[in-house]
Amino acid sequence: MKKLILAAAIVFAGLQAGAAQAAEGKALPARDWSFTGIFGKFDQGAMQRGFQVYQEVCSGCHSLRLIAFRNLEALGFDEDEIKAIAAEYTVEDGPDEEGEMFERPALPSDRIPSPFPNSKAAAASNNGAVPPDLSLMIKARDGGADYVHALLTGYADPPDGVELLDVQNYNLYFPGNLTAMAPPLDEDAVEYADGTPATVEQMASDVVTFLAWAAEPTMEERKRMGIKVILFLLIFTGLLYAVKRKVWADLH
Amino acid sequence: MAETANPGTDPGHSEDGETRRDFLYLTAAAMGLAGTAAVAWPIIDSMNPAADVRALASTEVDLSPIEEGMAITVLWRGNPVFIRHRTAAEIEAARSVPLDDLPDPETDEVRAPRPQWLIMVGVCTHLGCIPKGQRVGEEKGLFGGWFCPCHGSHYDTSGRIRKGPAPRNLDVPPYEFLDDTTIHIG
Amino acid sequence: MSEFKPTNPVIRWIEHRLPIFSFIDHAVGSGYPTPRNLNYWWNYGSLAGIALVIMILTGIMLAMQYTPHQDFAFDSVERIMRDVNYGWLLRYVHMNGSSFFFIVVYIHILRGLYYGSFKEPRELLWIIGVTLLLLMMAASFLGYVLPWGQLSYWAAKVITNMFTAFPIIGEPLVTWLWGGYTVGNPTLNRFYALHYLIPFVIVGVVILHIWALHRFGSSNPVGIEADGPQDKIPFHPYYTVKDLFGLGVFLTLFAALIFFAPNLLGETINYVEANPLVTPAHIVPEWYFLPYYAILRSITFDLWFLSAKLIGVIMMFGSTMILFLVPWLDRSPVRSARFRPWYKWFFWIWVFDVAVLTWVGANPPEPPYLYIGQVGTVWYFAHFLVILPLLSIFEPTKPLPSSIGEPVLKGGGAATAGAAAKPVEKA
């Protein structure tokens, strides 16, 4: 039994090592997030500020195509606010009675429109590199929220001897260190609606919280349900053990 | 059978031990049943309309472009909805029909509280075809409303069945006026 | 054991016309005598059955919402995660259920190897079991492709490309598998159809598995055939409640994973939609395939007319197929490793070897992982082809107890000194 556990532990450790291999950048600083842990929750204030950062900075290049305006209810907006946010965007609809496509203001049921009509247009506007969609970014990278935050705040001058091409930027945490994305966050790039000072650190933290929600909006429900289910199962399994002992009592 | 050398537990033959054992089994069974029900619910509920389907469950329509005597068709929950801006003559005709003449008696006032606007689901209550009469020049049937070409149901200017196999008047969907020119259906 | 005599008139009416109640009673009820000394390693068979039911149930619910077209597959899975009521739960249960199914089945197999459950007269039961393992591997490989993430696509490409290693028929075979000139929409569609089919084939083979089991009944930790009624107890209520308790433990661990670490056993890159023009830096299969992956990549040299690729493919399939031969490679007259001190050592060394191969499979095929993997592969096959047969001949085994009840009733341990090792009683 102990040997089985030892074998399992080796396998598990090995798998983590494998994962660490994949992210070749510098070791990630671990951060405290409101949404990690058994009782993790998405901080609504941070999410609203993060959404503002997305709208004003990131959405110039990055799409968020899996999020619909109606999903923003989770950020604390009410129905009217969501209608207003949606109406600021236009989406293509049609064909109309003449067979033509037309533009109309977005509705809550629409998804957030992409900055580019297709990936080729995206690449053409970004020196050949396609800025990836951000809907799942926190789940799609080893290190998750810690990694994305480190990336956003990890731009630095290249070490001696490393020459950068025009289209390259040096980042301490990007695998291979050379990324086509220029540092997106500047001090006070955004004026927060709630008055919070918009330091690079603050904006990075807020947008990561927003993106963590975007990657998995059902996370809070999942953890809430998990606590109830596991509590139930612990009690139930305990009961089943008592039943087993009772039934086997006359044999032992 | 060997007796247990367990000081704390009854061997199970005394009445006390039996009720305790039964209580244990009963509690375990009850929890098991509750757990099974709790597992069954998500499985069943996953088949109910999902969030994106529910988001399209209602639609808002701007009535201002619809002139008197004209009609538009919008899509609601996958079905066509006829919205007609009725003329005074059509309203008069609808309101003067005696209820006895109607296979499915219903007053026009109930169907169209704002008489110039008639809003109905454009699906024949017989077997589901889409009646003609929305466009200029289409067959409107014997009562000036709509006509279903599949099996010959005639609907009047209030969308009520007058002649033919359809059992019910064209359904009026739940809707409300958000203001004088906008309705919210569903 | 006891005869089944129902008193309820409705049950009697049905039973007379279709003896299903007595059938159930004899299969898992009080009418099925089972050795009294089974330990918790015997829980894993029923757990595997439960895992299969969980996978089929969640799979059917997911199939109602999934779209098997390359332009829509990834998004349909995200729709399930975000919009379908409890869709996230169904998906996470199905995704992690696959891992738990393999954990449970691997332990079930280890139990069989340790206690000699595969020995006469249960060789066919064992063979049916290995067949089930192969079917499970096929089903999970096909299932992994369906979300159409980067690893879904590239794992499909790498594994199907393997078949080009076969001379002459290789290329046409792979084109036929793909339904095109690369992994594409026809491939995805047919993988979906087959992924839906195989679990029901598994159900059929499980019925054969249980049927074969019930021919002679379960083996037991001591490895001696149960002599008579005093060695057996009715399956119900003893093992039904023990299995239920084991299920409770399993579900608790499973719930902990699903609700609090649902992506722990997966790869993050599969949350990126498949891109045929971008190969991920590290293509890794799911953890339960890692040892075979390590074996595949450990062959780096050609041999005569056989390419390294082909040998690798053969060794990879061979590593599972060799399990079929175990009843004939391990001929020791003693079943249970409890009485086989040398075999016990080699068993755990082999388990450690598989753990090392799993770790190697997760890493890039470069030194030092490559060398370690090569040593691990050699040992893996040597265990079956060299160690087992040699042990059958040379191992000095401990003396067996005279009956199942004896170790328990006399206070444990082997029989009295002086008794020679008895050959296993043939049932």
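Of the 29 residues of α5(C), 26 are buried, so this helix is largely enclosed by the rest of the structure. Buried here means under 20% relative accessible area, with exposed over 50% and partly exposed in between (1.4 Å probe, protein chains only). Helices (H or I, at least four residues) and strands (E, at least two) are DSSP runs, numbered from the N terminus.

Please keep in mind that this is a predicted model, in which local features need pLDDT of at least 70, side-chain atom pairs count only at pLDDT 80 or more, and totals for chains, interfaces and linings use all residues. Residues are numbered from 1 along each chain as its sequence is written, chains are lettered from A and ligands numbered from 1 in the order in which they are written, and side-chain values use heavy atoms, leaving out hydrogens and water.

The predictor gives the complex an ipTM of 0.91 and a pTM of 0.88. Chain C has a mean pLDDT (the predictor's confidence in each residue, from 0 to 100) of 92, and 94% of its residues reach 70 or more. Over residues 411-427 of chain C, however, pLDDT stays under 50. Where pLDDT is low, the predicted coordinates should not be read in detail.

Back to the helix: α5(C) bends by about 30° at G97(C), the bend being the angle between axes fitted to the seven residues ending there and the seven starting there. After α5(C) comes G116(C), with a positive phi near 65°.

| Strand | Pairing with β9(B) |
|---|---|
| β1(B), residues 59-62 | antiparallel, four bridges |
| β8(B), residues 175-179 | antiparallel, four bridges |

V61(B) has I183(B) as its bridge partner, while D179(B) stands opposite T182(B). Two residues lie between β8(B) and β9(B) in their hairpin.

Note on methods:
Contact means heavy atoms within 4.5 Å. Two strands pair if DSSP finds at least two bridges between them.
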